[in-house]
Amino acid sequence: MAPTRFFLRPVFALVAGLAIVSAGPAQADTTLLNVSYDVARELYKDINPAFAAHWQRTAGEKVTINQSHGGSSKQIQSVVAGLEADVVTMNQAADIEVLVKNGLASADWRKAFPHGAAPYSSATIFLVRKGNPKGIKDWNDLARAGLGVVVPNPKTSGNGRYTYLAAWGYALSKGGNEAAARDFVAKLFANVPVFDGGGRGATTTFTQRGIGDVLVTFENEAVLIDQEVGGDKFDVVYPSISIDASAPVAIVNKVVDKRGSRKAATAYLNFLYSPEGQEIIAKHNFRPRDPAVLKKHASRFPAIKTFTVEEKFGSWDAVQKTHFSDGGIYDQIVVKR
Amino acid sequence: MASSSNRVLPGFGLSLGYTLVYLSLIVLIPLAAVFIKASSLSLEQFWAVVTAPSVVASYKLSFGASLLAAAINSVFGLMLAWALVRYSFPGKRLVDALVDLPFALPTAVAGIALTALYAPNGWMGKFLEPLGIKVAFTPLGVLVALIFIGLPFVVRTVQPILEDLDTEYEEAAVSLGANRWQAFRHVVFPTLLPALMTGFAMAFARAVGEYGSVIFIAGNIPMVSEITPLMIITKLEQYDYAGATAIAVVMLVFSFLLLLLINGLQAWTAKRTGRAR
């Protein structure tokens, strides 16, 4: 699947681009293209018609929103290569920074929308086998010898990267220094029996193949599995502390200026912050930012202490350099395991 | 040009021209782009990328498993082709069609199916696990996937040669006093060898570049079961185009040398058995 998709993407980009160019100026209807990551597919399927109705009501204009979903870095690569996305909705700030570097988005994109331009967040939590036979309660349990911990590859997935950083942050929060954190994370990753390319792959490995004792993944994914596969097979476990996985959004300046779609694009992203948008977000198990909406669904989103990447690690750029670049700490840890 | 003038059908210039233009467009220009992208790295950077421990481990797995898979396919592919050509049995056409399935099946589907079969809770894995044999998420799983995708290449290259090979030759050999093994060893096998080597080379080349089917069953454990194409994808995921193409260049050069060697061997055996073109 992956290679074909990868090589077809430029073709899709071209076709989508042509479709938009030809449809753009001819008619009054606005179209927007939202380029997004893989697991946001279901969320935006609900958001888009709600926004279209909202835009019809408030601006009296018809708007059609096209969606494109895929692995986040592949998606960003297509945008850089010319896929005409009006907005991007990702799950890691690092991906949007790539657009900034290529002059497609503005450097202060975080200030363009509330909450650091992240309308919702998730946290990294655990899914264990029913009854929690291995008694997994917190991060330190994952480093126990002989345990199978299913985590997607941090090199290829944002999900895996958040898990790695959450574990590192946990070790620091327990008063450990960098060396202790490194030791802890190394032990945890030595317990990983299979590295899947992305979060959904890891889910399949854990739920369908029966590999491992615990799946470490985003809250929305864990809760979804628990709901869909049935509560009689798995239990959700919240660790004492986790990472705040904010899902950032941005406007692609170059595209909206060319297509004259800035107004609709801005309204679209702002809609995500509206009570209606936040309600849909909560429905899909992402943590809403609106305190009222969050309170309403408090039973589904247990309070959890979180830290942000910026608080513990400075910036995504620094994280990338120190931890995930070639020969970085992650490489050193896995080569030695 | 002298050799072209005495042909019945004209068109040497035109067909050579097409050949060169077509090859350039389809093969050479994309490959040149890979080399140009990789050349944005300095020599030390290039060397550091392509000799990183996990990358070196991936070459060993990719090339080792591909060669082994191609060798296994050569043996069993020959048997399959033999059975399909020499004997008639009920359901022969069905078996013949089945051989092509690995060509047609999207590789990811193959990968997921194999993983589901060989995972510890799968149909096959369930029985292998108690014996201490782990297939899914180990290098053995990689080998299984590569054997699966490479099989049709050997069967389909050997089959037509075998069909052309009249049984009269074996009969003549036996009537001249050869035993069955000698008839196979000295009469049939040398005729098939060039085709078998072509099949081997194609199965090998396909296996080296294979990603979709392997990635699900490999487990992708650094230093153990990461294939080289995964290392390339990993770099691309991190926007490291130059690093990705550097590894691709090494793979291309390796593969090209190995294929050149196999083609050379093939030409040599063809000459020896008097089938030189």
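The model is predicted: local features need pLDDT of at least 70, side-chain atom pairs count only at pLDDT 80 or more, and totals for chains, interfaces and linings use all residues. Residues are numbered from 1 along each chain as its sequence is written, while chains are lettered from A and ligands numbered from 1 in the order in which they are written.

**The sheet.** Helices (H or I, at least four residues) and strands (E, at least two) are DSSP runs numbered from the N terminus. Four strands of chain A form an open sheet in the order 2-1-3-9, with mixed pairing; two strands pair if DSSP finds at least two bridges between them. Strand 2 and strand 9 (249-251) of chain A are the edge strands, each pairing on one side only. On average, neighbouring strands of this sheet are turned by 20° against each other, direction ignored.

Strand 1 (residues 30-37) and strand 2 (residues 63-70) of chain A run parallel and are joined by eight bridges. Two of the bridge partners are tabulated here.

| Residue | Bridge partner in strand 2 of chain A |
|---|---|
| A:N34 | A:Q67 |
| A:Y37 | A:G70 |

With helix 2 (residues 41-59) of chain A, strands 1 and 2 of chain A make a right-handed β-α-β unit. Right-handed means that, with the strands pointing away from the viewer, the path from the first strand over the helix to the second runs clockwise.

**A helix across the sheet.** Helix 12 of chain A lies across strands 1, 2, 3 and 9 of chain A, running at about 170° to strand 9 of chain A. Axes are lines fitted to C-alpha atoms, for helices over the stretch in contact, and angles run from 0 to 180 degrees between N-to-C directions. Two residues are in contact if their C-beta atoms, placed from the backbone, lie within 7 Å.

In helix 12 (residues 262-271) of chain A, the residues A:A264, A:A265, A:Y268, A:L269 and A:F271 are buried. They are on the same side of helix 12 of chain A because they cover an arc of only 155° around the axis, taken from the directions from the helix axis to the C-beta atoms. A residue is buried if 20 or more other C-beta atoms lie within 10 Å of its own, exposed if 12 or fewer, and partly exposed in between.

**A loop residue.** A:A298 is in the loop between helix 14 (291-296) and strand 11 (305-307) of chain A. A:A298 is exposed because it has 9 other C-beta atoms within 10 Å.

**Between the chains.** In chain A, 21 residues are in contact with 24 residues of chain B. Helix 17 of chain A gives the most to the side of chain A that touches chain B, with three residues.
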